[in-house]
Amino acid sequence: MKLYGHVTSPYVRKVRIALREKNIRFDWIQESPHDAGNHIVAMNPLGKVPVLETNDGQVLFDSALLIEYIDTLTPERLIPQGDAERLRAQLWNTLGIGIVDATVARLLEGRRPQAEQSRSFIARQEDKIARALAWADKAERGAAYLVGERFTIADLGLASALEYVDFRYAHDWRSKHPRLARWLAGISTRGSFAETVPPGMEKALDAPH
């Protein structure tokens with residue numbers, strides 16, 4: 001199995017975490033759609049990462065689809081099979097996706113020439129992130145895991161999103177949301193998270209919070 005993507009992509013990192021949680025061996029091919037001679041544009045008509053080439057040569061893209069496929073490869077599931085638990089887990093995962101999307105949008109807008117940047121657009125993304133963190137801090141959940149008594153797509157999605165916020169939109173959200181901060185501190189110790197920290201992110205995660 002081959003996974004294509006660039007190391008700082010939060011969407012690629014989610015798939016890498018899922019593969020490590022499932023102990024599935026794969027070849028990691030670092031490529032960006034912007035690299036000359038990359039394989040990604042030819043494999044994914046949308047020209048985006050991650051892209052997964054399965055053992056039988058099938059090509060899949062989009063992190064949500066990749067994780068859903070990966071989850072079928074071993075008996076222990078990241079996505080709960082019961083309807084109620086599945087719905088709750090995917091709700092948390094969807095919240096994480098929204099946090100990442102807003103963080104990426106804010107980052108890209110901030111990279112435009114200053115005279116062309118929209119402060120109101122950036123403020124809207126920051127408001128989305130703030131509301132999502134407040135919701136996550138207050139929502140009903142377990143102490144160690146968000147849904148049930150084990151690590152699921154809920155924990156993967158939200159924890160990776162929060163670490164991406166620390167990486168690309170570093171600010172003191174922990175003092176406002178200590179319950180959420182304590183939960184993340186526990187999840188972040190997992191090997192799948194420690195082994196997939198991209199260059200530069202470790203400084204953000206090690207900074208005083």
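**Briefing: a protein of helices and strands**

The protein has nine helices and four strands. The model is predicted. Read from the N terminus, its elements follow the order β-α-β-α-β-β-α-α-α-α-α-α-α.

**Overall dimensions**

- The radius of gyration of the protein is 17 Å, which agrees with the value near 17 Å for a compact globule of 209 residues.
- Along the principal axes, the C-alpha atoms of the protein occupy a box of roughly 50 × 50 × 30 Å.

**Burial and contacts across the chain**

- Buried residues make up 46% of the 209 residues of the protein.
- Taking the contacts between residues at least 6 apart in sequence, 67% join residues at least 24 apart.

**Helix α6**

- Helix α6 covers residues 153-168, which is 16 residues.
- From its first C-alpha to its last, α6 reaches 22 Å, close to the 22 Å expected at 1.5 Å a residue.
- Helix α6 is mostly covered, with 15 of its 16 residues buried.

**Packing of α1 with α3**

- Helix α1 (residues 10-21) packs with helix α3 (residues 63-71) at an angle of about 5°, and their axes are 9 Å apart.
- Because angles under 35 degrees count as roughly parallel, α1 is roughly parallel to α3.
- On the α1 side, the residues in contact are Y11, K14, V15, A18 and L19; on the α3 side, they are S63, L66, I67 and I70.
- Sorted by class, this contact of α1 with α3 has seven nonpolar residues, one polar and one charged.
- An α-helix has 3.6 residues a turn, so residues three or four places apart point the same way.

Methods: Residues numbered from 1 in each chain as written. Predicted model: local features only at pLDDT ≥ 70, side-chain atom pairs only at ≥ 80, totals over all residues. Heavy atoms only, no water. Helix = DSSP H or I, 4+ residues; strand = E, 2+ residues; numbered from the N terminus. Expected span 1.5 Å × (residues − 1). Buried < 20%, exposed > 50% of the residue type's maximum accessible area, 1.4 Å probe, protein only. Axes fitted to C-alpha atoms, helices over the stretch in contact; angles between N-to-C directions. Parallel < 35°, antiparallel > 145°, perpendicular 65-115°, else oblique. Contact = heavy atoms within 4.5 Å. Nonpolar A, V, L, I, M, F, W, Y, C, P; charged D, E, K, R; others polar. Rg over C-alpha atoms; globule rule 2.2 N^0.38 Å.
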